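I opened the model to look up strand pairing and nonpolar cores. My entries follow.

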Amino acid sequence: MKNTKIQNTPFTQTMKMAELIDTNYKLLLLLPRFDIDLGFGELTVRKLCEENNICPELFLVICNVYTFDDYIPDEKYIELLNVQQFIDYLKKSHLYYMNDRLKNISDQLQIIVQDSEQPHGAILSRFFEQYKVELLNHFAYEDEVVFPYVLGIADGKKSADYQIRIFEENHTNIDDKLNDLKNILTKYLHGNSSLEKRIQLIFNLFDFEEDMRKHTLLEDRVLISKVRKMESHYE
Amino acid sequence: MSKTTEKITIGIVEPSPMIGKGLKSILEELSFVDVYSLITDNCQYYIERISSSHPEILIINPSILELKKRGDVDALMHETGCHVIIALATQHTDPEILKKYYNVIDVTDSKERIKTKLRHLLNAERTESEVNLELSSREKEILVSVAKGLMNKEIAYKHNLSIHTVITHRKNITRKTSIKSVSGLTVFAIMNNMIDMQDIE
């Protein structure tokens, strides 16, 4: 995490999209989640969002959270976020993590496990499977309980038997196991499997971990404060 | 002075930007210091913001904490993941509270005094962390029990220890191996041939 930027000037709508990518190339990963194609030329963030029917405040807040570690969005900004688009974005991120990242990691780990001595390989795949189940449950809870609740309030129909506070209190830390897997592979796995493949896997884990950390920040810092604001209108 | 060239990372949480920036510039005159984050606005989010940048030392103004949390440095360590926490006293603070911190920087301290405090700390820190890297034999025994899925209470009974001691051992195991989850520790124990697969079925 030493390479993330700490600065006090977040991105603005008048900056060119290409500049944002130049500052943090990981923002490329956000494009498919917003259905934005490459080839945006010299477009500013505002223009790009306009052309793609994306709420520019939402897009910027997400880019800023992904780029600046100590970024906290302005209250006024949070007011302006489009809830439907925010939830769509979070759901697409979940799909991407499950269908893309986890699958890749799982495939890469499988190869390493096959080449490792037993029982080291077996215990590693078991550990990863446990983590996967935990993560899928976590996503499922958000997709099936939290997000419909949020969309309900945005629609003017607040469900009586749920509050975002419940989510806030139970939004458990699921990064521990991922972090453990990284450490085990880096510090303790020496074996017959190819060094290059193990390095690739560890790179992939670091990257996934970073993406997930930002995703959690978005939920904790942005989604929760947005929903609290909406809930306060019902009190 | 320690021979290592690696810098020691510091996070500062101080609501006054003048004091925060002033302290940062003094600390940065020390070659071995890297002020990793300085938080002066939105201090209430300090935990998330500090734990995302992982400094080794946290310098915090206790006045931003709720009254009953000011003296609870253990909780602060736990929440932020920093093992060394220094109080930054800019107004009168109960000495009983300040005693709980590793050290105190007072707003009236001279530049040299602040630097000396940091130098002392660096020496103490480095020696401690270089000596204790391997698991002790007691920690290995406890690790085996944890990996087999025993609860703290059962481990305490088995090894004839207090629960408090078991928890301290577990903290040290996690610090040394950097593995936090129980299932992660199980993997660690198997990979290091400390237990067999059958032990955990």
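I take strands as DSSP runs of E of at least two residues, helices as runs of H or I of at least four, both numbered from the N terminus; two strands pair if DSSP finds at least two bridges between them. Opposite B:L88 I found B:I105 of β5(B).

This is a predicted model, where local features need pLDDT of at least 70 and side-chain atom pairs pLDDT 80 or more, while totals for chains, interfaces and linings use all residues. Residues are numbered from 1 along each chain as written, chains are lettered from A and ligands numbered from 1 in the order written, and side-chain values use heavy atoms without hydrogens or water.

I then checked β3(B) (residues 57-60), which is parallel to β4(B) and joined to it by 4 bridges. B:I60 has B:A87 as its bridge partner.

How many residues of β4(B) are buried? I found 6 of the 6 in residues 84-89, so the strand is largely enclosed by the rest of the structure. Buried means under 20% relative accessible area, exposed over 50%, partly exposed in between (1.4 Å probe, protein chains only). B:V84, B:I86 and B:L88 point one way, B:I85, B:A87 and B:A89 the other.

Last, I looked up the cores (buried Ala, Val, Leu, Ile, Met, Phe, Trp, Tyr and Cys joined through side-chain atoms within 4.5 Å). The largest has 93 residues, and A:F59 is among those with the most contacts inside it. A second, separate core of 20 residues includes B:I86 and B:I105.
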